[in-house]
Amino acid sequence: MFHILVVEDDQSLNKLICRVLDKNGYETVAAADGEEALKLLDETYIDLIITDLMMPHMDGYDLTRALRDSGYQLPILVVTAKDTFPDKAKGFKLGIDDYMVKPIDVNELLLRVEALLRRSRIIYEKKLEFEHVCLDYINLTATVDGRSQVLPQKEFQLLYKLLSFPNHTFTRQQIMDELWGYD
């Protein structure tokens with residue numbers, strides 16, 4: 001089960017986001033500002049952070065900066081009323097992973113959380129598990145039903161790409177461009 005830290009000073013919105021995430025199978029922890037969030041991170045394992053930008057004591061920008069400076073690589077999703085391009089650019093340059101402008105659609109929030117968790121698990125573990133198949137990116141190994149096989153690099157990359165996005169159709173050109181390059 002994934003653990004999500006919701007950092008939002010608006011208590012009713014914080015409770016709403018936590019309730020929606022809890023109902024969809026996530027474990028949530030709530031914080032009212034960046035300082036409280038940092039304390040909670042020392043005590044609790046967190047997979048993803050959803051944070052506002054405008055908060056008392058420590059805002060979302062400072063929280064993101066502190067996390068990235070400390071080496072935290074967990075995904076950060078910003079949910080804020082700040083909707084200008086400079087606000088978004090500042091956040092992305094500091095290291096946020098995604099940005100939503102209030103008012104938000106909770107169904108879209110769930111989709112973004114799922115996508116961020118999927119990508120972070122794939123990126124950080126360098127392993128991808130799909131049904132009875134496990135792909136180890138570092139060793140270019142595919143394990144099926146307990147039997148391992150080292151694959152040629154391009155074949156492995158193709159399989160990894162396709163299993164990373166199940167039920168998604170890629171054109172031949174998309175695959176060629178990504179795996180073999182434009183030349």
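1. Let's begin with a term. A polar contact is a pair of N or O atoms within 3.5 Å, where, within protein, one must be able to donate a hydrogen and the other to accept it. With that in hand, look at Arg112 and Glu108: their side chains are joined by a polar contact of 2.6 Å. Please keep in mind that this is a predicted model.

2. Where does Arg112 lie? You will find Arg112 in helix H5, which covers residues 106-125. Arg112 has a relative accessible area of 23%, and because buried means under 20% and exposed over 50%, Arg112 counts as partly exposed.

3. Now see what surrounds this residue. Leaving aside residues up to four places away in sequence, Arg112 touches Leu77, Asp98, Tyr99 and Met100. Take Tyr99: 13 residues separate Tyr99 from Arg112 in sequence, and their C-alpha atoms are 9.4 Å apart in space.

4. Next, turn to helix H1, residues 11-23. Its 13 residues reach 18 Å from the first C-alpha to the last, close to the 18 Å expected at 1.5 Å a residue.

5. Which residues of H1 are buried? They are Leu13, Asn14, Ile17, Cys18, Val20 and Leu21. These residues cover an arc of only 165° around the axis, so they sit on the same side of H1. The face turned away from that buried side carries the exposed residues Gln11, Ser12, Lys15 and Lys23.

Definitions and conventions. Residues numbered from 1 in each chain as written. Predicted model: local features only at pLDDT ≥ 70, side-chain atom pairs only at ≥ 80, totals over all residues. Heavy atoms only, no water. Helix = DSSP H or I, 4+ residues; strand = E, 2+ residues; numbered from the N terminus. Buried < 20%, exposed > 50% of the residue type's maximum accessible area, 1.4 Å probe, protein only. Contact = heavy atoms within 4.5 Å. Expected span 1.5 Å × (residues − 1). Arc of directions from axis to C-beta.
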